[in-house]
Amino acid sequence: MRLPDSFSFRQRPRGVVKHILRLPVYLFRFRLGFLLGDRFLLITHVGRRSGTLHDTPVEVVVHDADTREYVVCSGTGPQADWYRNLQAKSVRRVQGGNRRWVPDQRMLDDVEAAARFAEYELAHPHAAERLLDAMGHSYDGTAAGRVAMMADMPMVAFSVDGPPAVSDL
């Protein structure tokens, strides 16, 4: 599916696009998250101003089996509401497949984020290219260019070592 030329993830989605982007939330809520494999997580976070719970589906950049961490990226930048909420208060719950847990959360610095994005580019070259295009990002292909780009695409790591989440968090 090709996105219209006027579409960019840098703007707030509206209309049909907004509903399509919310489909993963419903899959997770109906315990069908396993259909998305390990490529998506549903994060539950607290609004920094409202204090209400929000569910946001995010794409996994890297799932590191050795460190038991999932790394996700705010492709729309550091001003994304979910990312700013995580800066204010730690994530409440993460769901991957049909597992829910309360993770340890850490923000990656630009150098580590660039290394993780390089892994993503190797594993999913076409998806990485389309993602950068949709997000309005580009870089010169060098390691230094990738590090510079990460200031606009911050990453967060969630560990799986936290306790199982209670359904009503």
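**Exercises on a predicted model**

A search of the whole structure, which is a predicted model, finds three aromatic pairs.

**Exercise 1.** Classify the ring pair formed by tryptophan 82 and tyrosine 83.

*Solution.* 
- Two quantities are needed, because a pair of aromatic rings is described by the distance of the centres and the angle of the planes.
- The ring centres of tryptophan 82 and tyrosine 83 are 6.1 Å apart, and the planes stand at 90°.
- Rings pair if their centres lie within 6.5 Å, and planes over 60 degrees apart count as edge-to-face.
- The pair of tryptophan 82 and tyrosine 83 is therefore edge-to-face.

**Exercise 2.** Describe the largest nonpolar core and state which elements supply at least two residues of it.

*Solution.* 
- The largest nonpolar core contains 19 residues.
- Phe117, Tyr120, Met150, Met153 and Met155 have the most contacts inside this core.
- The elements that each supply at least two of its residues are β2 (53-64), β3 (69-73), α3 (110-123), α4 (125-135) and β7 (155-159).
- With five residues, α4 gives the most to this core.
- Apart from this core lies another one, of 16 residues, including Leu41, Val91, Val94 and Trp101.

**Exercise 3.** Determine how α3 and α4 are oriented and what kind of residues form their contact.

*Solution.* 
- The axes of α3 and α4 are 5 Å apart, and the helices pack at an angle of about 120°.
- Angles of 65 to 115 degrees count as roughly perpendicular and those over 145 as roughly antiparallel. An angle of about 120° therefore makes α3 oblique to α4.
- On the α3 side, the contact involves Phe117, Tyr120, Glu121, Leu122 and Ala123. These meet Pro125, Ala127, Ala128, Leu131 and Leu132 in α4.
- By type, the residues of this contact are nine nonpolar, no polar and one charged.

**Exercise 4.** Is glutamate 121 buried or exposed, and which residues does glutamate 121 touch beyond its neighbours within four places in sequence?

*Solution.* 
- Glutamate 121 lies in helix α3.
- Its relative accessible area is 18%. Buried means under 20%, so glutamate 121 is buried.
- Leaving aside neighbours within four places in sequence, glutamate 121 contacts Ala128, Leu132, Tyr139 and Arg146.

Methods
Residues are numbered from 1 along each chain as its sequence is written. This is a predicted model: local features need pLDDT of at least 70, side-chain atom pairs count only at pLDDT 80 or more; totals for chains, interfaces and linings use all residues. Side-chain values use heavy atoms; hydrogens and water are left out. Rings of Phe, Tyr and Trp (its six-membered ring) pair if their centres lie within 6.5 Å; planes under 30 degrees apart count as stacked, over 60 as edge-to-face and the rest as tilted. A nonpolar core is a set of buried Ala, Val, Leu, Ile, Met, Phe, Trp, Tyr and Cys residues joined through side-chain atoms within 4.5 Å. Buried means under 20% relative accessible area, exposed over 50%, partly exposed in between (1.4 Å probe, protein chains only). Helices (H or I, at least four residues) and strands (E, at least two) are DSSP runs, numbered from the N terminus. Axes are lines fitted to C-alpha atoms, for helices over the stretch in contact, and angles run from 0 to 180 degrees between N-to-C directions. Angles under 35 degrees count as roughly parallel, over 145 as roughly antiparallel, 65 to 115 as roughly perpendicular and the rest as oblique. Contact means heavy atoms within 4.5 Å. Ala, Val, Leu, Ile, Met, Phe, Trp, Tyr, Cys and Pro count as nonpolar, Asp, Glu, Lys and Arg as charged, and the others, Gly among them, as polar.
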